[in-house]
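Please view the structure first.

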Amino acid sequence: MSDRVRIAVLGAGPAGLAAAVATARAGHAVEVFEAGDQVGGMTASPTIAGQRVDLGSHRLHPVASPPVERLLREALGDDLQGRRRRGRIHLEGRWLDFPLRPVDMVTHLPPSFVAGALWDVAVGPWRSRASRRATDRTVGEGGPPDDDALSTLRRRLGPTVADRFYRPYLTKLYGVDPSRLHAEVADRRVAARRATDVVARMLRPRPEVDFRYPRTGFGQLAEGLADLARGAGATIHLASAVTAVTEHVDRVTVTAGATTTDVDVVVSSLPAPLLVRMAGAGDDVVGAASALVHRGLHLVHLDLDAPRLSQADALYFPGTDTPVARVSEPRNFRENPDDPPDHSVVCAEIPYDPRGPAPDTAALARTVTETLQRAGLAVPQVRGVTVRSLPRVYPVYTAGSRRALDRLEDWVAGRRRILTFGRQGLHTPDNTHHVLAMGLDVADVVGADGIDHRAWARRRAAYRDFVVED
């Protein structure tokens with residue numbers, strides 16, 4: 001665009017930084033406001049006990065669009081390492097490779113699970129036809145079709161996998177039984193649409209590169225994007241929490257602490273409920289925002305007195321017998337000679353309700369070590385424990401939250417100079433490559449006269465087809 005636009009980007013996670021890079025390179029005057037003291041948000045890599053670690057398990061999947069792929073290469077260069085997955089999953093009391101392999105499943109899982117899964121594959125086509133007939137009949141009689149996550153997964157994958165794997169796993173992540181979750185949870189988090197898709201995926205030859213990862217930790221991506229943004233002329237303000245966004249006819253005033261900045265447009269990757277409150281939306285919009293619920297994560301980092309806990313990059317615990325969902329070991333995600341040779345820091349993820357009590361560090365550490373020991377792992381001496389809590393990680397989709405989100409998006413579409421995007425801004429569970437694509441798209445819809453919401457709506461519709469890669 002020929003006109004130089006003054007843009008405020010709220011949030012310096014991957015989405016916000018990608019938007020800053022794209023808009024600054026388009027010739028606009030860009031200022032980024034970040035509440036934290038470092039870039040990256042949930043994808044930052046703090047240092048614990050001398051080792052760079054991540055806030056949970058992160059990886060870059062090799063399915064990025066060409067523009068996103070170019071951005072990754074620019075931000076990371078030769079430090080973008082190609083890796084093969086070495087995950088393990090504790091399923092039905094047994095350890096299996098993850099991603100799952102047919103021989104491993106047949107030889108390690110209980111016969112009832114294997115027989116049930118094979119039966120579900122065999123009757124899958126009949127089950128799909130019967131489900132379509134039942135849905136048509138119910139809709140014709142004026143009733144709603146099955147549109148909850150559990151019914152959707154049973155219809156697509158069969159009751160064995162749906163009930164014995166996904167039901168406990170989703171219950172742990174979201175804090176409610178998946179029969180109470182909207183079908184969009186199944187659409188966005190499970191790529192397989194039928195049981196045969198699961199089998200086909202397991203039978204495919206493994207690629208040379210399963211995922212990519214930065215040499216010094218996932219936070220290196222945000223740091224590289226920040227360097228690109230600054231190199232293009234953007235200014236990044238750290239420790240600058242925005243408290244008010246005031247839209248005028250010809251500008252928007254952004255307030256951060258005692259400082260006010262006038263810009264032409266604001267593009268926000270902050271949580272949508274925060275944005276609408278800061279922007280002074282009406283009671284109905286603020287009320288809709290309050291209906292958007294997240295599950296948080298307690299991140300329990302254990303500094304272990306050993307070079308490694310295991311050879312796995314991540315250990316998965318889908319069962320409800322433990323609150324731990326996953327344990328990742330950052331040094332196993334990368335080849336980095338700067339990692340300390342004599343000890344390793346692992347990160348355990350424990351979903352929680354942000355409205356609950358403050359975490360008990362000692363109790364969480366015991367929970368993690370006991371979970372690992374019950375699963376048959378020898379846990380080295382723990383030299384130190386660090387707990388961080390992220391309150392907004394998994395957006396909880398119910399019928400009510402879907403309606404609330406639609407109301408918020410209607411409100412944003414009516415704002416001439418405000419746009420919301422990204423994982424938090426759109427209340428979505430997307431991967432990093434998805435939100436980077438959103439950030440790059442921002443440059444095509446901003447102008448001195450405001451946001452081209454028609455163009456953004458077309459992109460927003462495409463984002464609903466994004467499916468999270470495990």
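In this predicted model, the axes of helix α12 (residues 283-290) and helix α14 (residues 399-413) come within 8 Å and cross at roughly 135°. Axes are lines fitted to C-alpha atoms, for helices over the stretch in contact, and angles run from 0 to 180 degrees between N-to-C directions. That angle makes α12 oblique to α14, a word for what is left once angles under 35 degrees (roughly parallel), over 145 (roughly antiparallel) and 65 to 115 (roughly perpendicular) are set aside. Asp-284, Val-285, Ala-288 and Ala-289 of α12 make the contact with Ala-404, Arg-407, Leu-408 and Trp-411 of α14; contact means heavy atoms within 4.5 Å.

Helices (H or I, at least four residues) and strands (E, at least two) are DSSP runs, numbered from the N terminus. Strand β1 (residues 6-10) has four of its five residues buried, that is, under 20% relative accessible area with a 1.4 Å probe, protein chains only. Two strands pair if DSSP finds at least two bridges between them. The table gives two pairs.

| Pair | Sense | Bridges |
|---|---|---|
| β1 and β2 (residues 29-33) | parallel | five bridges |
| β10 and β11 (residues 252-256) | antiparallel | five bridges |

Leu-10 stands opposite Phe-33 in β2, and Ala-244 stands opposite Thr-255 in β11. An open sheet of three strands has the order β10-β11-β12. Its edge strands, β10 (242-247) and β12 (259-263), each pair on one side only.

Residues are numbered from 1 along each chain as its sequence is written. As this is a predicted model, local features need pLDDT of at least 70, side-chain atom pairs count only at pLDDT 80 or more, and totals for chains, interfaces and linings use all residues, while side-chain values use heavy atoms, with hydrogens and water left out.

Terms used
Buried means under 20% relative accessible area, exposed over 50%, partly exposed in between (1.4 Å probe, protein chains only).
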